[in-house]
Amino acid sequence: MRGLVIKSTGSSYIVRLDDGQDVECHIKGNFRIRGIRSTNPVAVGDFVVVEPSAISCQPSDNNTWWITGVEERRNYIIRRSTNLSKESHILAANIDQVALVVTVNHPQTSTVFIDRFLATCEAYRVPAILIFNKIDLLDEDESAQLDELRALYESIGYKTVELSAISLQPSDILPLLTGKTTLLSGNSGVGKSTLLNALFGREITRTGKISDAHDKGMHTTTFSEMYFLGAAGNQPSAVSAVIDTPGIKGFGTIDFEKEEVSHYFRDIFQKSGACRFGNCTHTNEPGCAVIEAVEHGEIAISRYESYLSILGDCQEAKYR
Ligand SMILES: Nc1nc2c(ncn2[C@@H]2O[C@H](COP(=O)(O)OP(=O)(O)O)[C@@H](O)[C@H]2O)c(=O)[nH]1
Ligand SMILES: [Mg+2]
Ligand SMILES: [Zn+2]
């Protein structure tokens, strides 16, 4: 039987069968997806082949099912859990877009984090939008920072919105999500769960108090789960869906060749055609149009620094 993975706890999965029934599943044996070494061979958004375990033939039985196969993914978003980790983690599969929730403060989302995430979206050809949350908490300086950041990312070609999830009207954001499967991601405490609850008009997922000491959200969402918007029955493919994910700290990129990193920075890539050398890495080569553009303020320094930080990962990976 075929179904869609709608929830992952790490050890077990909830799969919505094509007939609308939800069943709890485990992965059969040491079943692994070829080619990817990841901590989770199956992710929310995957279409899987399942079969009831032999001991539970009664439909009313609560025994678990087996996942015996995963359909080829249209796309996915994957990251290394820490920069040094060899294992990677698939955040979600078969998505139409990423909505990255970021905050200028409380907590502050770093531009390196944003750019690493965006570069990965580019690499896997997933459109990304930036949702700047908690604008109600910003002082004057921070508001100016927000304007700058929005202008920067809009100029690169990313859609951005700003809002306060605590006072959000669903209609403020529904148009961005309708008819799509959206991966909602971001650092811990930026307001992903609050946003989802506002969207649904009721508490569908728990939110965390910000701890005063760290200005970070307390661990709350510990698994990934897909929520369906609109009441279009049980046909997951026909409705809008949002995948809530546990907050992530660092975003280690994987599988990038040094030469291709600049392809995932639209602003840098656009300038790189004018570099003197075709294999320019934009680090110290003479006649580098990218460095020149950084010096002239045509490429933001923060973007260039993020680019260099990913290049550093590639270097590191070579010596692992
Ligand atoms: N002031 C303010 N607080 C918010 C906003 N959005 C979320 N929060 C608070 O931030 C904390 C973490 O939110 P949560 O949704 O759990 O973040 P998550 O870890 O990204 O899911 C909670 O205490 C929320 O009430 C907002 O727009 N404004
Ligand atoms: Mg959450
Ligand atoms: Zn160059």
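So, burial: of the 320 residues of the chain, 36% count as buried. A residue is buried if 20 or more other C-beta atoms lie within 10 Å of its own, exposed if 12 or fewer, and partly exposed in between, with the C-beta atoms placed from the backbone. Before I go on, this is a predicted model, where local features need pLDDT of at least 70, side-chain atom pairs count only at pLDDT 80 or more, and totals for chains, interfaces and linings use all residues. Residues are numbered from 1 along each chain as its sequence is written, and chains are lettered from A and ligands numbered from 1 in the order in which they are written.

How confident is the predictor? The chain averages a pLDDT of 87, and 84% of the residues score at least 70; pLDDT is the predictor's confidence in each residue, from 0 to 100. Over residues 232-238, though, the pLDDT is below 50. Where pLDDT is low, the predicted coordinates should not be read in detail.

Okay, the overall build. There are 7 helices and 15 strands in the chain. Helices (H or I, at least four residues) and strands (E, at least two) are DSSP runs, numbered from the N terminus. Of the contacts in the chain with a separation of 6 or more, 64% come from residues 24 or more positions apart; a contact means two C-beta atoms, placed from the backbone, within 7 Å.

Let's take helix α4, residues 192-200. Why call it largely enclosed by the rest of the structure? Because 8 of its 9 residues are buried. Among them are K192, N197 and L199. The buried residues of α4 pack against β8, α3, β11, β14 and β15. Following α4 you'll find G201, with a positive phi near 75°.

Now helix α2, for another picture. α2 runs over residues 140-156 and reaches 25 Å from its first C-alpha to its last, close to the 24 Å expected at 1.5 Å a residue (the expected span is 1.5 Å times one less than the number of residues). Its buried residues are L146, L149 and Y153. Looking down the axis of α2, these fall within an arc of 70°, so they line one face of the helix; the arc is that of the directions from the helix axis to the C-beta atoms. They pack against β9 and β10. The face turned away from that buried side carries exposed residues, including E140, A144 and E154.

On to strand β6, residues 76-80. With 4 of its 5 residues buried, β6 is largely enclosed by the rest of the structure. β6 pairs with β7 in the antiparallel sense over 5 bridges, where pairing needs at least two bridges found by DSSP. I77 has A92 in β7 as its bridge partner. Beyond residues up to four places away in sequence, A92 touches A43, Y76, L183 and I243, among others.

Most residues other than glycine have a negative phi, and most peptide bonds are trans. Which peptide bond is cis? The one from H106 to P107, with omega near -10°. H106 also has a positive phi of about 60° although it is not a glycine, and H106 sits in the loop between β8 and α1. H282 has a positive phi of about 60° too, again without being a glycine.
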